[in-house]
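Have the model open and follow along.

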Amino acid sequence: MDLSSTRWKALSLCLALVLVHASLSACAPAPKTYIVQMAASEMPTSFDYHPEWYASTVKSVSSSQLQEADDPYARIVYNYETAFHGFAARLDEDEAERMAEADGVVTVLPETVLHLHTTRSPDFLGISPEISNTIWSAGLANHDVVVGVLDTGIWPESPSFSDKGLGPVPAKWKGLCQTGRGFTIANCNRKIIGARIFYNGYEATSGPINETTEFKSPRDQDGHGTHTAATAAGAPVQDANLFGYASGVARGMAPRARVAAYKVCWAGGCFSSDILAAVDRAVSDGVDVLSISLGGGASSYYRDSLSIASFGAMQMGVFVACSAGNAGPDPVSLTNLSPWITTVGASTMDRDFPATVTLGNGANITGVSLYKGRQNLSSQQQYPLVYMGGNSSIPDPRSLCLEGTLQHHEVAGKVVICDRGISPRVQKGQVVKNAGGIGMILANTPANGEELVADSHLLPAVAIGESEGIAAKKYSKTAPKPTATLSFAGTKLGIRPSPVVAAFSSRGPNSLTLEILKPDVIAPGVNILAAWSGDASPSSLSSDHRRVGFNILSGTSMSCPHVAGVAALIKASHPDWSPAQIKSALMTTAYIHDNTYRPLKDAATGKASTPFEHGAGHIHPLRALNPGLVYDIGQDDYLEFLCTQNLTPMQLKAFTKNSNRTCKHTFGSAGNLNYPAISAVFERPSSALTLHRTVTNVGPPSSTYHVKVTRFRGADIVFEPNTLHFTSSKQKLTYKITIRTKAAQKTPEFGALSWSDGVHIVRSPVILTWLPPV
């Protein structure tokens with residue numbers, strides 16, 4: 001045989017095999033990451049360890065062409081074992097479908113990407129240094145509180161994480177400091193007692209992290225994680241400020257609590273498998289409180305991996321605070337809806353950063369700004385003003401000052417009006433500056449209303465409300481030679497009214513269960529000063545080369561750690577309290593009037609807010625430390641609540657983690673969960689509803705409480721009994737609420753019930769909703 005012919009045939013065969021393999025690969029569905037929850041108790045006796053069982057399960061569902069060569073362990077991204085039982089693995093769609101039918105599998109959830117919901121607040125909340133020090137000195141003789149923060153990492157050099165005055169790391173702590181580029185064991189101390197990173201899910205989907213541009217370590221180069229950690233538990237820092245704004249002592253809500261940073265967010269987002277792994281590890285490490293300023297869309301309880309993991313954390317006694325989201329003012333825009341999670345909306349404080357726009361017609365428009373630069377406009381001089389948008393209601397890229405839309409010859413040497421939206425607020429100013437503009441007026445649109453958020457702009461810039469923006473734009477279009485100038489007034493305290501519900505704060509009602517009020521509470525989330533990463537600019541723009549030790553941010557991301565920190569204070573004072581008792585204390589002591597003694601307002605409308613915007617109200621930490629009565633909820637109660645949600649036995653198993661737990665049907669409706677709010681839903685115009693609540697006495701052993709309730713147009717409410725007599729501490733008493741419809745209302749009615757002993761007022765919001773006829 002001719003040797004060259006033989007070689008050619010061999011080469012042809014090899015090429016054919018390569019083409020066949022390539023064809024198979026091209027036709028095969030692309031693998032994705034799936035989170036697989038397992039019924040841990042159903043592990044066959046042939047396996048010694050759960051990870052071994054998990055790997056075998058992956059192999060059993062693998063596509064036939066991959067079974068022989070594929071290593072099932074290599075396809076597993078994470079094993080979960082504390083707050084959640086199961087694993088995350090790379091599977092194609094067919095394999096995921098087979099996995100859902102495999103023995104021992106409870107549920108299969110696709111990987112999802114969550115997003116960040118991105119000082120004066122302790123004083124505004126009434127937490128003076130003397131008070132917080134008293135709490136810690138009295139409460140921490142045999143107890144120490146650890147706040148776990150799931151975010152973008154931490155900047156350990158910030159003085160907010162000084163461990164001065166702190167004792168040894170708590171003996172119960174099982175966490176560690178994970179090292180990597182820019183982060184060594186020395187970066188942890190008695191304040192930052194834990195730091196871990198979670199990236200397997202991210203890399204499985206997005207590819208390897210670029211370690212030259214991103215720290216593959218707990219070090220925070222974004223700033224968000226440093227800011228939230230310091231807000232929750234930062235140590236006191238004198239003379240903290242941003243370019244001179246908000247100057248004073250910056251300290252967290254619980255300045256003597258320990259911090260454990262769990263980095264779950266990377267340049268491309270925060271992946272659910274990584275978040276789940278972090279919650280699982282944090283609970284195992286021994287955190288007492290979790291602050292999670294992240295969220296995605298609202299999913300059914302049993303399809304939401306964070307909901308399931310938080311349930312596991314609650315079972316282990318861990319309080320979980322989550323941000324409500326920044327999708328306001330749209331209704332039904334909340335995330336993190338589970339009743340075992342404390343969902344936090346955002347509000348303003350009594351501090352502002354006023355700035356003024358003076359138009360050529362003499363009109364003065366008040367706005368806000370954090371601008372502090374070398375380039376300033378003279379208040380004694382007027383400058384040409386221009387607005388590039390038209391009169392149409394259709395958005396114009398030029399009116400939005402989007403990248404590449406402004407021409408030098410049109411805006412050079414002028415103050416430019418830019419509409420808010422689409423692109424980051426500070427980036428609009430950069431676009432104006434690059435095109436030769438000398439200043440910017442940032443005008444709100446209907447989506448933002450009159451709410452003002454201050455930014456550290458790169459050129460003189462002032463943010464103004466929608467109505468003032470309309471006036472300024474009209475002037476710029478009608479005046480023969482429109483002009484304006486900008487001036488900045490620094491920091492102003494004592495703003496009235498405050499607090500006000502932020503327009504961006506996501507709103508209810510609860511899209512999953514109307515009977516569960518969400519958000520639970522609101523807390524400061526607008527213009528919050530806290531520690532910042534040394535690797536990030538205050539505007540987070542790559543073109544901004546400024547570096548600061550503290551930054552001012554807004555979002556429910558900022559309000560969430562306020563509540564997590566206050567929860568740490570309560571835990572220090574009452575170490576035996578359950579997460580539900582801490583939440584109850586926060587909700588029943590919250591207030592619903594501002595500093596002008598009027599009902600809280602909604603920044604989006606200027607009108608009074610409702611529980612769908614403010615939940616039970618604005619947190620009042622001092623009262624929450626001594627609430628008098630609390631509504632407790634245990635895991636069995638939450639499971640009975642889930643039984644009212646039409647879950648199948650397999651779906652319920654996502655929470656029971658035990659194959660033999662069945663529904664006892666002790667709740668006639670979801671409204672019978674012992675929640676610190678009453679939300680009654682009527683399916684018929686004429687109907688009656690009976691609900692029960694149980695309160696635990698955490699005040700004086702001998703006390704008597706009397707009830708008061710709002711009068712409603714649509715229903716009569718009767719209490720039985722209407723007086724509660726307590727004779728001992730921790731005593732539990734139950735009362736019955738009967739609500740009888742008398743005139744069905746087209747919109748929900750809002751009110752409250754309050755139990756008082758003359759010292760404590762234990763207030764619960766009451767919402768009555770009549771569903772429209774089908």
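## Gaps, a helix and rings

Strand 19 is the biggest contributor to the lining of the second largest pocket, giving three residues. Strands and helices here are DSSP runs numbered from the N terminus, with at least two residues (E) for a strand and at least four (H or I) for a helix. Keep in mind that this is a predicted model, where local features need pLDDT of at least 70 and side-chain atom pairs count only at pLDDT 80 or more, while totals for chains, interfaces and linings use all residues. Residues are numbered from 1 along each chain as its sequence is written, and side-chain values use heavy atoms, leaving out hydrogens and water.

Back to that pocket. Its space comes to about 630 Å³. Of the 23 residues lining the second largest pocket, Asp352, Glu450, Leu452, Ile495 and Val500 are the closest to its centre. What counts as a pocket? On a 1 Å grid over the protein atoms alone, it is an open set of points with protein on both sides within 12 Å along at least five of seven lines; a cavity is a set where a 1.4 Å probe fits but cannot get out, and lining residues have an atom within 4 Å of a point. A volume is the space filled by probe spheres set on the points, which are joined across faces, edges and corners.

Now for the largest cavity, which holds about 50 Å³ of space. Helix 16 (579-588) and strand 15 (319-323) each supply at least two residues of its lining, and helix 16 gives the most, with three. Trp340 and Tyr638 are among the lining residues of the largest cavity.

Next, find helix 5, residues 93-101. Its buried residues (under 20% relative accessible area with a 1.4 Å probe, protein chains only; exposed is over 50%, partly exposed in between) are Glu95, Ala96 and Met99. They sit on the same side of helix 5 because they cover an arc of only 100° around the axis, going by the directions from the helix axis to the C-beta atoms. Glu97 and Glu101 are exposed on the other side of helix 5.

Finally, the rings. The structure has 22 aromatic pairs, meaning Phe, Tyr or Trp rings (the six-membered one for Trp) with centres within 6.5 Å; planes under 30 degrees apart are stacked, over 60 edge-to-face, and the rest tilted. Trp53 and Tyr54 form a tilted pair, 5.8 Å centre to centre with 35° between the planes. Both Trp53 and Tyr54 are buried.
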